[in-house]
Amino acid sequence: MAFLFKRNPRTPGDLVRILNEQVVKLDLTVGSEKKKAQDEVSRHLLTLKAILNGEENIFNESFSPTLQTDSLTQLSQEIYSSDLMLNLISNLTDIEFDARKIVVLLFNSLLRRKAGTRSPTVDYLLGRPKILSTLMCGPEYSEVSLNMGLMFREAIKYEAIAKCVLYDPQFWRYFSYVNTDSFEVSTDAFTTLRDLLTQHESLVGSFLSSSPVTERFISMMNITISKGNYVIKREFTKLLGDLIMVKANYKMMTAYVNDVENLKIIMLLLGDRSKNIQLEGFNVFKVFVANPKKEKAVTDILAKNRGKLLDFLEGFNKDRNDDLFMAEKEYIMQQIQNLPKIVINEKSAESRELFKGESTP
């Protein structure tokens with residue numbers, strides 16, 4: 001394997017400098033010159049991969065643990081100071097397919113590197129917001145969106161970076177990214193959004209505690225659930241159910257279950273043709289019913305649809321072998337049964353037809 005490294009630079013600084021020069025050429029050249037630059041980028045990225053994997057080093061010598069640590073430290077510092085990572089990510093579409101995987105490996109390896117209790121790459125990324133901004137736009141570049149998604153999700157594992165991302169206006173684009181025509185891009189974007197909202201509970205709870213943010217978040221969730229395809233509707237309803245059960249999201253939960261318009265959307269999900277969507281809808285619906293401080297409008301809707309809801313729930317997943325689920329269903333049915341009786345007049349007739357669920361899903 002040593003023959004691959006004979007033309008490699010003598011120091012990490014040389015390697016990073018030459019690689020950076022070739023990456024920049026990707027955006028400035030065409031035809032054979034661009035292909036030559038792509039080949040050089042791939043070759044030097046292979047060298048970086050060998051260093052990261054401990055296979056060989058840039059001096060063509062056998063690795064010792066000390067030498068490997070020193071080489072990685074020096075290499076990291078050179079990458080930071082040269083902004084190589086920003087150039088690699090910005091030109092990722094022009095990098096060859098297999099070499100893109102090495103960029104992901106390099107990025108994620110640098111993120112995991114520790115200096116005592118510090119994470120130098122986290123500090124570096126926070127000081128280079130353009131890198132995070134570029135990664136956030138990954139779903140807009142279908143050819144490399146999966147590569148960028150892998151790097152972005154590794155970055156947001158760190159709370160300081162996740163906070164920066166959540167409070168960035170670009171965060172809200174992910175609700176539209178999940179509706180792209182490409183299933184792979186859509187799924188990847190949803191995975192990123194889900195990770196952002198579930199990995200750091202206290203951070204997300206604080207983010208969603210602001211009334212304007214909560215209102216916008218609930219609105220975006222409702223739009224996505226109502227207009228999404230089967231997969232989007234199912235996954236977003238499940239995500240919503242998970243979020244409202246997190247203690248840190250109490251303010252968002254109370255705002256959600258006190259709004260009758262949200263209840264209407266969830267009741268429509270109970271009547272969906274898909275049993276999976278019905279189940280995810282039930283996991284949200286039960287919070288409305290179990291809420292001891294229901295708004296009058298919420299109580300009225302539930303009471304006016306009492307009969308249909310009880311008929312539906314009686315047959316809902318009746319044969320499911322799950323004691324917890326059956327106990328929850330029984331409790332919810334009892335709560336609905338105990339709701340106050342309401343005299344329905346002509347003005348409220350519309351609400352009688354709100355729930356269209358059938359007794360047998």
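Predicted model: local features only at pLDDT ≥ 70, side-chain atom pairs only at ≥ 80, totals over all residues.
Let me start with a charge over a ring: Arg320 lies over the face of Phe325, at 4.8 Å from the ring centre, where a charge sits over a ring if NZ of Lys or CZ of Arg is within 6 Å of the ring centre and within 35 degrees of the ring normal. Residues are numbered from 1 along each chain as its sequence is written, and side-chain values use heavy atoms, with hydrogens and water left out.

Turning to the aromatic rings, a search of the whole structure finds 17 aromatic pairs, a pair being two rings of Phe, Tyr or Trp (its six-membered ring) with centres within 6.5 Å, called stacked if the planes are under 30 degrees apart, edge-to-face if over 60, and tilted for the rest. Among them is the stacked pair of Trp172 and Phe175, at 6.1 Å centre to centre and 20 degrees between the planes.

Phe175 also pairs with Phe217, and because their planes stand at 75 degrees, with the centres 6.1 Å apart, that pair is edge-to-face. This pair links distant parts of the chain, 42 residues apart, with Phe175 in helix α10 (residues 174-177) and Phe217 in helix α13 (residues 211-227); helices here are DSSP runs of H or I, at least four residues, numbered from the N terminus.

Technical notes: Helix = DSSP H or I, 4+ residues; strand = E, 2+ residues; numbered from the N terminus.
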